[in-house]
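Please review the structure shown here together with the briefing that follows.

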Amino acid sequence: MDNNKVLRWGIFGATALIVLYLFSLIGDDTRSYQQVETSVALTQLADGNAKEVQIDDREQRVRIDLREPITVKEREGVESVMAQYPARTAPAVFDAVRESGADSYETNVTRDSFLLSMLGMMLPMLLIFGLLSFLMYRMQAGGGMFGIGGSRAKQLTKDNPTNTFADVAGADEAVDELQEVVDFLQDPGIYEKLGAKIPRGVLLYGPPGTGKTLLARAVAGEAGVPFYSISGSDFVEMFVGVGASRVRDLFKQARENSPCIIFVDEIDAVGRQRGSGTGGGHDEREQTLNQLLVEMDGFGPREGIILIAATNRPDILDPALLRPGRFDRQIPVTNPDLAGRQQILKVHAKDKPLGPDADLDSLAKRTAGMSGADLANVLNEAALLTARIGGNVITADALEEATDRVIGGPRRSSKIISEKEKKVTAYHEGGHTLSAWALKDIERVYKVTILARGRTGGHAMTAQEDDKGMYNRDELFARLVFAMGGRAAEELVFGEPTTGASSDIEQATKIARSMVTEYGMSSVLGAVKYGTEQGDPFSMYGGGNQLDYSPAVAETIDREVHELIDVAHQRAYSILAENRDYLDRLAEKLLEKETLRRPDLEAIFDGIEPRESGLPVVDERFVAQVGREPVKTPAELAEERGEEPPKKVSLLEMSRTARERRMAERAKRQEAQARGDSSGSTRWRPGGQAPKGPQNTPATPRYDGPEPPQGWTFTGSHLHQPRQEESAPEHPGMRNYAPPAKEPAKEHAAEQGEELIGFRLPDNERPLGGSFEPSGRHAAPSEPAGAPGGGEEESPKGGAADVAKPSDDETTEIPRVGENER
C-alpha cells in the first residue's frame with residue numbers, strides 16, 4: 001500500500017466522520033435550549049414561570065419552556081432552559097414540575113435501537129481489528145510496523161532537474177567508465193554479443209569535493225532508467241533490525257522497477273569493516289551490512305540492478321563488500337590536473353560574465369591541488385565579490401581575491417595591529433619569499449602579502465609550473481627551508497622568535513617525519529617504513545598511526561627529524577644573511593604596498609642566482625653513477641629533432657571513438673525506422689524488390705507482427721527453400737578422424753559476415769615478435785603448421801582402448817622430496 005492510497009483512505013474516513021457529526025448535530029432537538037444550573041431550573045418551576053416541561057428520564061434532564069424570558073449568564077431573552085439532576089432526586093423533581101402550574105408536562109423515556117446498540121459495540125472492535133491488520137501488512141511488506149523500516153530512497157525521474165555527463169569535467173576516465181554502464185542499459189546487444197555482463201556494482205572513491213555525487217547525478221540524467229538515491233546514514237537507526245529492513249525494502253523496489261540504478265552516498269557509514277564495533281556480531285550496523293551483502297550477491301536473484309556507491313574512505317570498507325560480484329569496478333575520482341582544472345573552470349564560468357583581463361588558464365595554474373568544489377567556490381566567490389561592489393563583470397583581480405578567500409579566508413580589515421607587529425610580519429613573509437627564491441628545487445613565489453586573513457597574519461604562495469606526482473629529497477628539503485625562512489628572518493632581524501611561525505613549524509615537522517619514516521630518506525634508518533597507515537578510528541586498533549617499532553627506533557626517528565629541521569633552519573638563516581639587502585628592500589615594499597606579485601618580486605630580486613639545496617646525500621654507497629646520463633624520453637628526442645612529440649593512443653580515445661560510431665549507427669537506425677524503410681517486407685511495396693538469398697534464391701517473405709511458430713509452413717513454401725546440392729557419400733573411415741577445428745571467433749564472424757575486430761594494445765606497449773599482425777584492424781593470430789585446421793596433417797581420434805598403458809618405470813605420482821637421492 002503506497003502513500004497515496006493511505007492518504008486517500010484517510011481523507012475518506014475523515015469525511016465520513018464529519019458527515020456523521022453533522023447528521024447528529026442536525027438531528028439534536030436540544031439545540032434551542034440554554035444549559036443552566038439545576039438551581040435556576042428549580043427556581044423557575046417554583047416561581048410558576050414554566051409553560052411547558054419535559055422530563056427526559058434516561059438522560060436525567062429537565063427541559064422548560066418559560067412564560068417570560070430571563071437573563072442567564074449575561075445572555076438576555078432566554079425562553080427555553082434545561083438542567084441535569086441526580087438520579088435519586090427524580091421524585092422531588094417530578095413533584096416540583098407537577099406543582100409548578102405548567103400548562104403541560106410530559107416524561108420522555110429514550111429507547112436505543114438494536115442496530116445502534118450493535119454498531120456502538122462493534123465499531124471499536126472493527127477499528128482495532130483494522131489497525132492491527134494494517135500494522136501486520138506493513139510489517140510483512142518490509143516497511144516496519146510504523147513505517148520505520150521502509151526505504152528512504154528517493155527516486156529520480158526524467159522530470160527531476162538532473163545533470164548530464166556534459167556537466168562533468170576533469171574526470172574523463174571516471175566518466176568513460178560510467179558511460180559504459182549507461183551504454184549497456186541503453187543498448188545491451190553490443191555487450192551481450194560478446195558474452196559480457198555489466199558490473200553489478202561501481203564504487204567511486206576519492207577526496208571530498210572531487211565530484212563523486214555529481215557523477216552519480218550525471219548517470220541519473222543519462223541512464224533513462226529508474227534511479228534511486230539514498231545515503232548510507234539512512235540505513236542506521238537506533239531500533240534493532242531497521243537498517244536490514246530498509247535494505248530489503250530498497251532492493252524490493254529496485255527489483256519491481258528493474259532495470260534500475262541504486263546510488264548509495266557515503267557508504268562507509270554502513271559498510272565499515274565488521275568487527276570494529278563494540279556490539280560484536282549483533283551490532284545493528286553489522287546486521288545492516290550483512291543484509292546488504294546478501295542483496296548485492298546472495299542466493300536470491302539480482303538481475304538488472306546496478307549499485308553505485310561513493311565514499312571518501314575505501315580503506316575502512318569491509319573486504320566482502322569490495323570483492324568482485326558486489327563491487328566489480330572501483331573508480332578513483334581524484335583532484336584534477338591542470339587540464340582538468342581548466343575544463344572545470346570553463347564549465348562553472350559558463351554563465352558568468354568575465355572581464356577582458358580574466359584568464360582562466362592562469363587561474364588553473366595557480367590553483368594546483370584544488371578539487372572541483374574548490375574551483376567552483378572560487379568562481380562563486382568572485383561573482384559574489386563583484387555583486388557586492390555593484391560590478392557587472394568578473395575581473396582578474398576578483399578571481400585573485402576569491403582564490404585568497406578560499407585558501408586563507410576573508411580579509412580582516414578591521415583588525416588593528418601595532419607598527420612593530422606589522423614590521424615583524426613583513427620580515428617573516430619576506431623570509432619565506434627570499435628562501436624560496438634563492439633555491440632551485442622549489443617553485444618561486446608568485447604572491448606575498450601581509451594582509452591578515454582568517455587565522456593568519458599574512459602568507460607567501462608558490463605556484464607549481466606543472467602537476468608533480470613525486471618529489472625527490474632535495475625538493476622536500478627545499479620546502480623545509482621555505483617553511484623555516486620566516487623563523488630565520490625573525491631571528492636575523494629582531495633576534496627573538498615569535499608565535500607567528502607555529503604553523504610553519506608544524507608543516508616542516510610533517511614533511512621531515514614523512515621523509516624519515518615513510519620515504520626512507522634518512523642515512524641512519526635507511527629505506528625502511530616505520531608505522532602503519534591511519535586506520536579505522538572506531539576499530540580495536542584505535543586511530544592514528546600504529547607504533548610497531550621499538551623505543552630506541554622512536555628515539556632515532558626523533559633525532560633524525562630534529563636534525564633535518566635544524567639543517568633547514570641553518571640553511572634558511574644563511575641565505576637570508578647573505579642577501580640581507582634584498583630582504584630589507586622586500587620588507588620595505590611590503591610595508592608600503594602590503595601585497596606584491598610576481599613582476600614586483602622579479603624586480604626586487606634581480607641579481608639573485610638560485611643555488612642547490614646543499615643537503616648531503618643519504619648514503620655514500622648509493623650515488624649516481626659518474627659519467628652516465630639517463631636515457632631521453634621520446635618527447636625529448638622529438639624536440640631535439642624539431643618534430644612534434646609522438647601522440648599516444650589511449651583506451652579513453654578508443655572508447656570515445658567507438659561510442660561515437662555506435663551512437664551514429666543508432667541514430668541512423670532510428671531515423672530509418674521513423675521513415676519506415678526497415679519495417680515489413682519490400683516484396684509487396686510498389687516498385688519494391690523481393691529480397692534475395694544466397695545464389696539469387698528468393699528468400700522467405702517476412703511480414704510485420706508476431707513471429708510464426710517453429711516448423712510453420714505455407715502453400716508453396718518449398719519453392720522458397722534453397723536447393724540442396726548433392727554431396728558425395730562419406731567414406732566410413734572418416735569417422736575415425738577429428739573434423740577440422742574452427743576458431744569460435746572466426747566461425748561466428750563467418751556466419752555474421754563481419755570483420756574480426758578485437759582489442760589491441762598500442763604499439764609501444766606490445767612485445768616484440770607478438771602473435772598479432774601490426775595492422776589497423778585487430779587480426780587473429782596465425783595458425784602454426786600442423787595445427788588442427790591447418791590442412792597439412794590430420795590427427796586421428798583416440799578412444800579409451802587406443803590409449804597405451806604406462807610402462808613399469810613410468811608413474812604419475814609426484815615424487816617425495818629427497819626420494820631420488822636415497
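Asp504 lies in helix α17 (residues 502–517), where helices are DSSP runs of H or I with at least four residues, numbered from the N terminus. This is a predicted model, in which local features need pLDDT of at least 70, side-chain atom pairs count only at pLDDT 80 or more, and totals for chains, interfaces and linings use all residues. Residues are numbered from 1 along each chain as its sequence is written, and side-chain values use heavy atoms, with hydrogens and water left out.

**Annotated site**
- An unreviewed UniProt entry places the feature "binding site" at His428, His432 and Asp504; such annotations may be inferred rather than shown by experiment.
- These residues span 77 residues in sequence, yet no two of their C-alpha atoms are more than 10.8 Å apart, so they gather at one spot.

**Asp504**
- Asp504 has 15% relative accessibility and therefore counts as buried (under 20% relative accessible area, with a 1.4 Å probe and protein chains only).
- Leaving aside residues up to four places away in sequence, Asp504 touches His428, His432 and Ala483 (contact means heavy atoms within 4.5 Å).

**His428**
- Helix α15 (residues 419–437) holds His428.
- His428 counts as buried because its relative accessibility is 5%.
- Beyond residues up to four places away in sequence, the contacts of His428 are Gly486, Arg487, Glu490, Gly500, Ala501 and Asp504.

Conventions: Helix = DSSP H or I, 4+ residues; strand = E, 2+ residues; numbered from the N terminus. Buried < 20%, exposed > 50% of the residue type's maximum accessible area, 1.4 Å probe, protein only.
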